[in-house]
Amino acid sequence: MKKFMKFSTIFPLAGLLFLAGCLVSGTFVIDVDIDETDVVTTSEFKYCLVDLTDNGDWEDHKDDIKYIDNVGFELWVENNGDAAVTGEFYIAREHDAGTDEADEVRDVATRILSGIELAPGDNYIDWPTSLGHVENLDSLKAITETGTFVIYGLTETLPFDITLDSATVIVTVTAGN
Amino acid sequence: MKKILVALILCLGLTATASAAGIGVGGYGGLAIPVVQDDQGNGTVFGVKAKVKLMPGFSLEPNINFMKYGDADFDFGTRKGSKVTFYGVDLALGGTGMPVGPKIYLLGGVGMYSITRDNDEDKDEFGFSAGLGVEIGVGGGLALDIRGKGHVIPFDDGSKKFATVTGGLNYYLGM
C-alpha cells in the first residue's frame, strides 16, 4: 500500500516536471520572401535562390531543428494570357550550370509542387492551397533543412504570359533542446 | 475507430469491475491552448470519462476527448487548426466521490493521440499529461469538476504540446 501511495504521488509530479522540461521546444512558422521576383516572363522556366540563412527566425532555430513539419508557398502571379496556365515547382540544393533547359531541370531536380492551375486573370495562390499540391515531401524537407536551395518554376502550358509579383516560401519547423 | 472502441471497452471494463460506490461518470468541455505551436490557434475540447475509485483519495479515469485547434492567422494566410482525438487513463490523487464541498486533486495520465489536418500527414502518437483540478461536490452524487492539464506528444525527437482547461459535471453512482 505504501508503495502504491508513493508511486501515485510521484506519478503526477513527475508528469508536471516532464511537461516543464519539454516546454523548451516548439513549432515555428518561418516565412521568407524569394528574391528576384517582380518578373514578367514568357519563358517556360525560371529559377530563384532561396536563402533561409538570412532570416532571423531561421537563425534562431537552425541549430536545434528536430524536423520540418511542412513547406508551402504564397504566390502573387498574374496570368496575363487568354488560357489557363499549369505550373510545377522543382527543388535542388543549388543551381547546376547545366540545367538551363526545362527538360534538364526535370531530370536533375525534384518536383515538389504540381497541378496548380492559374486561370486567365487569376493572380493569387495562397498558402493552404499550395500545401495541397506539395509532393515528394521527404526530399523537400531534407533539402530545406540545408537552409539554401533553388526553386524552379516550370510550365508545360506554352505559350504563356505571366507576371510574377512576389513569392514567399513558408517553412514550419519543430525545434528545441 | 478501432482505437475509440478499445477505449470505450476499457472504460466499461474498469467500471464493471469496481464497486458501485466507487464509480462515477463525467462529461466536460473547455479550451484547448497550443503551447509554443505557432501554426495552431486556441480551440475547443470536450470529452467523457469514467471515474473508478481504487481507494480513498485515488481514482483511475479512463477518458476519451475530441479537440479542435483554432485557425492560425499570418500575414501570408490562414491555416485551419488540427483535429486531435485522444484517449487514455489518468490517475487522480486527491478528492473524488466526496461529499458536498471542494477538494483539490493532482492528475497524471498517458494516452494515444490521433492528429489530423488538411494537407498534413495523419499521426497516431503516444503522449503524456499532468495537471491539477478541483472537484466541488454539490450533493446528490453530483460534483462540478474544473481542471487544467498539460499534454506532451513526443515524436521524431521533438514534441507537440498543448494545455486544456475544462469544466464539467461528475455523477457518482450509489451516493
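Modeller: The lining of the second largest pocket divides into one nonpolar, four polar and seven charged residues. Keep in mind that this is a predicted model. The pocket holds about 210 Å³ of space.

Now the largest pocket. Its volume is about 360 Å³. It is lined by 24 residues, and the closest to its centre are A:Asp69, B:Asp120, B:Lys123, B:Phe155 and B:Lys160. Which elements give two or more residues to this lining? In chain A they are strand E4 (65-79) and helix H5 (137-144). In chain B they are strand E7 (101-116) and E9. E4(A) gives the most, with four residues. By class, the lining of the largest pocket has eight nonpolar, six polar and 10 charged residues.

The structure holds three cavities of 30 Å³ or more. The second largest cavity contains about 110 Å³ of space. Its lining has 13 residues, and those nearest its centre are B:Tyr28, B:Asn65, B:Arg147, B:Lys149 and B:Thr164. Five elements of chain B each give two or more residues here: strand E2 (41-55), strand E3 (58-70), strand E6 (83-94), E9 and E10. Three of the lining residues are nonpolar, five are polar and five are charged.

Strand E9 of chain B covers residues 142-155 and includes B:Ile146. Is B:Ile146 buried, partly exposed or exposed? It counts as partly exposed because its relative accessibility is 44%, between the 20% and 50% cut-offs. Beyond its neighbours within four places in sequence, B:Ile146 is in contact with B:Tyr105, B:Leu132, B:Gly133, B:Val134, B:Thr166 and B:Gly167. Its C-alpha atom lies 7.6 Å from that of B:Val165, 19 residues apart along the chain.

Strand E10 of chain B runs over residues 158-172 and holds B:Ser159. B:Ser159 has a relative accessible area of 4%. The cut-off for buried is under 20%, so B:Ser159 is buried. Its side chain makes a polar contact with the side chain of B:Lys161, at 3.0 Å.

Last, the nonpolar cores. The largest has 34 residues. A:Trp58, A:Phe73, A:Phe149, A:Ile151, A:Val169, A:Val171 and A:Val173 touch the most other members. Eight elements of chain A each give two or more residues to this core. Among them are E4 and H5, which also give two or more residues to the lining of the largest pocket. Strand E1 (26-33), strand E8 (148-155) and strand E9 (162-175) are on the list too. E9(A) gives the most to this core, with seven residues.

Take A:Val173 as one example. Neighbours within four places in sequence aside, its contacts are A:Gly26, A:Thr27, A:Phe28, A:Ile30, A:Trp58, A:Ile65, A:Tyr67, A:Ile68 and A:Asp69. A:Asp69 is also one of the residues closest to the centre of the largest pocket. There is a second, separate core of 12 residues. B:Ala32, B:Met67, B:Val84 and B:Phe162 are among its members.

Key: Residues numbered from 1 in each chain as written. Chains lettered and ligands numbered in written order. Predicted model: local features only at pLDDT ≥ 70, side-chain atom pairs only at ≥ 80, totals over all residues. Heavy atoms only, no water. Buried < 20%, exposed > 50% of the residue type's maximum accessible area, 1.4 Å probe, protein only. Polar contact = N/O pair within 3.5 Å; in protein donor to acceptor, adjacent residues only side chain to side chain. Contact = heavy atoms within 4.5 Å. 1 Å grid on protein atoms, 1.4 Å probe; cavity = no way out; pocket = protein on both sides within 12 Å on 5 of 7 lines; lining within 4 Å. Points joined across faces, edges and corners; volume = space filled by probe spheres on them. Nonpolar A, V, L, I, M, F, W, Y, C, P; charged D, E, K, R; others polar. Core = buried A, V, L, I, M, F, W, Y, C linked by side-chain atoms within 4.5 Å.
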